[in-house]
Amino acid sequence: AALEVYVRRTYRAHVIQDVKISDKDGVSTIKWKFTLQDLPASEAPIRHGMLMVLQSAKDVPAALPAALKEFKDNGASASPSEALNTFHIAFKANEVITNDDLFVSEAERVLRENKSMLRELGIRHVNYIVPQIPKSPRYFTFLECHDFAEEPLRRDMRASFPYILELTRLQGNYDLTRIPALGRNAQLWIGTEKPDDNVVVTRPRPQTIFLRALSHSVDTDTNAGAERLMLAAMDELDRALLHPLVTGQQRMKTPYP
């Protein structure tokens, strides 16, 4: 039941169908089909998702091949146009990560050893969910389009956040640098317009602070709820204005002068 609650909460902006939960050889898994909610049912391709629960990240190399075979047996396959499916790996052990780069490097190594199968199944991204009790879990997302390398902008974001917050669209127009936010469900980025090859740049490109957040409150359509959200947003922006990358005390790395 807990697995289904997590999946339905994470993919609440999607239409979820055909949920299957199983436990085999001590490994709990949940598999589901889903579609995008903002597309007509007749136009929305069926996507497949799977989440498996392991004791720790050390178990991934041995467990991943069998889990991918199980995913294939459940109907997951590649789409002719693009990768559509998702794969999640959650851990039971409280693994406090002291070195992000080392953890990510090992995860990338394991995924690339299995990338032919991952691509055969049309897996768009792999998401690691790492408990950090008593703190919030850590999230690491590895994208097929990056050869299953981690996307740093998605670090510590639930798998569906980039879609809900339209991060991909934002990345298409801006070079983004993420800065810390106060709220767990808020994301802050400093965006610099991407260069246009047809335009000669004679001055530094302007920067924009982007704030995007999710709310689970049921009163957001009331005056009090809307006011509370607005005040929280202003607090986030006021804090962002003090960041060294915004004040100019620290220079942002960009691919152009």
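In this predicted model, strands S8 and S9 (residues 186-193) run alongside each other in the antiparallel sense, joined over 6 bridges. Across this pairing, Arg178 stands opposite Trp189 in S9. Strands of a sheet are held to one another through backbone hydrogen bonds, in either a parallel or an antiparallel arrangement. The pair belongs to an open sheet of 3 strands, ordered S8-S9-S10, with antiparallel pairing. Strand S8 (174-179) and strand S10 (207-213) form the edges, each pairing on one side only. From one strand to the next, the twist averages 30°. Helix H7 (residues 223-240) packs on this sheet and touches S8, S9 and S10. The direction of H7 makes about 145° with that of S10.

The largest nonpolar core has 29 residues, and the members touching the most others are Leu64, Phe87, Ile89, Val126 and Tyr128. Which elements supply at least two residues each to this core? Among the helices are H2 (60-73), H3 (100-113) and H4 (115-120), and among the strands are S3 (47-54), S4 (85-91), S5 (123-132) and S6 (135-143). Helix H2 gives the most, with 6 residues.

Ser56 is found in the loop between S3 and H2. Is Ser56 buried or exposed? Its relative accessibility is 13%, so Ser56 counts as buried, the cut-off for buried being under 20%. Not counting residues up to four places away in sequence, Ser56 touches Phe91, Ala93 and Glu95.

Arg158 lies in another loop, between strand S7 (149-150) and helix H5 (161-164). Arg158 also counts as buried, because its relative accessibility is 13%. Where the chain is followed residue by residue, Arg158 and Thr10 are 148 residues apart, but their C-alpha atoms are separated by 6.9 Å. Thr10 is one of the contacts of Arg158 beyond four places in sequence, together with Arg9, Tyr139, Arg184 and His216.

Conventions:
Residues numbered from 1 in each chain as written. Predicted model: local features only at pLDDT ≥ 70, side-chain atom pairs only at ≥ 80, totals over all residues. Heavy atoms only, no water. Core = buried A, V, L, I, M, F, W, Y, C linked by side-chain atoms within 4.5 Å. Buried < 20%, exposed > 50% of the residue type's maximum accessible area, 1.4 Å probe, protein only. Helix = DSSP H or I, 4+ residues; strand = E, 2+ residues; numbered from the N terminus. Pairing = 2+ DSSP bridges. Axes fitted to C-alpha atoms, helices over the stretch in contact; angles between N-to-C directions. Contact = heavy atoms within 4.5 Å.
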